[in-house]
Amino acid sequence: MADDGLVTALYLALRLPQPLLLEGEAGVGKTEAAKAIAAVLGTPLIRLQCYDGLDAAEALYEWNYPRQLLSIRLAEAKHSELAEADLFTEEFLVRRPVLAALTHPGPMPAVLLIDEVDRADDDFEAFLLEVLAESSVTIPEIGTVKATVPPIVVLTSNRTRDLHDALKRRCLYHWIDYPSAEQLIEIVRRRVPGSSASLANDVAAAVQRLRSLEIQKPPGIAESIDWISALSLLGVDRLDADAADRTLGSLLKYREDHDLVRERGVAWLAGTRDA
């Protein structure tokens, strides 16, 4: 269900190749775009979920300390020599998402999804520059690891903060907007195939109405799918005020937004009367 702009950005990211930065409001399908690439190519999706405080070691690798300690004790029990260098080899290396994507053997490249990169801090962005520019990383105990099959890199951002220009310059860029009512209808019918066409139309119209209000978190595609799934499970074929009121928690996740909708009128949301 991608539009021409997104399809072109994905194609260029694959063929140039170049990392792709996808921005947009939460729930518009940025993560799903990376999943779709992996599914179409039949290659692994390796996901790194970013958060405040994420450092390079957690994204790249760590040493298997319990296994290293066990090797030391076994060597002591056997009265054998064990050099320090013997403890820092591939055998004891635990690959985290970035290193796992770089060392993926192919033949198709892995898809490395760096999700919500705006939640990480500046130091992590600086670490990513080497990965994005050279498809390589440096591990002090081993040396530089360069990808033989460079991964397809997709970064997503909800724009909770601005990313550095140095990071953006290394990426293709595409903004994913909320889908139109027609697109949303087709998406939810595909994701919830048991739902009726009339209910899908009602839900799409209600979501469009909600976006005209000053709510904290306008519903995205994911919330719309959750809503129509809940309504279908309850046997609802057409949206009315009662059904909308009972299932509002599937669509809106802030109490203030619930209050605002109820103040405006749940019947208005369902489209059963004019405001």
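Predicted model: local features only at pLDDT ≥ 70, side-chain atom pairs only at ≥ 80, totals over all residues.
Good morning. By a nonpolar core I mean a set of buried Ala, Val, Leu, Ile, Met, Phe, Trp, Tyr and Cys residues joined through side-chain atoms within 4.5 Å.

The largest nonpolar core has 34 residues. Within it, the residues with the most contacts are Val98, Ile114, Phe124, Phe127, Val137 and Leu155. Two or more residues each are supplied by the strands β2 (45–49), β3 (61–63), β5 (111–115), β6 (136–139) and β8 (152–157), together with the helices α3 (56–60), α5 (97–102) and α6 (122–134). Of these, α6 gives the largest share, namely five residues.

Let us look at Ile114 in detail. Leaving aside residues up to four places away in sequence, Ile114 touches Leu48, Cys50, Phe124 and Leu128, and also Val153, Val154, Leu155 and Thr156.

I turn now to the helix pair. How do α9 and α10 cross? The axes of α9 (residues 197–210) and α10 (residues 221–233) come within 11 Å, at an angle of roughly 135 degrees. Because of that angle, α9 counts as oblique to α10. The crossing itself is right-handed.

On the α9 side, the contact is made by Leu199, Ala200, Val203, Ala206 and Val207; α10 contributes Ser224, Trp227, Ile228, Leu231 and Ser232.

Thank you for your attention.

Methods:
Residues numbered from 1 in each chain as written. Heavy atoms only, no water. Buried < 20%, exposed > 50% of the residue type's maximum accessible area, 1.4 Å probe, protein only. Helix = DSSP H or I, 4+ residues; strand = E, 2+ residues; numbered from the N terminus. Contact = heavy atoms within 4.5 Å. Axes fitted to C-alpha atoms, helices over the stretch in contact; angles between N-to-C directions. Parallel < 35°, antiparallel > 145°, perpendicular 65-115°, else oblique. Left-handed = near helix turned anticlockwise from the far one by under 90°.
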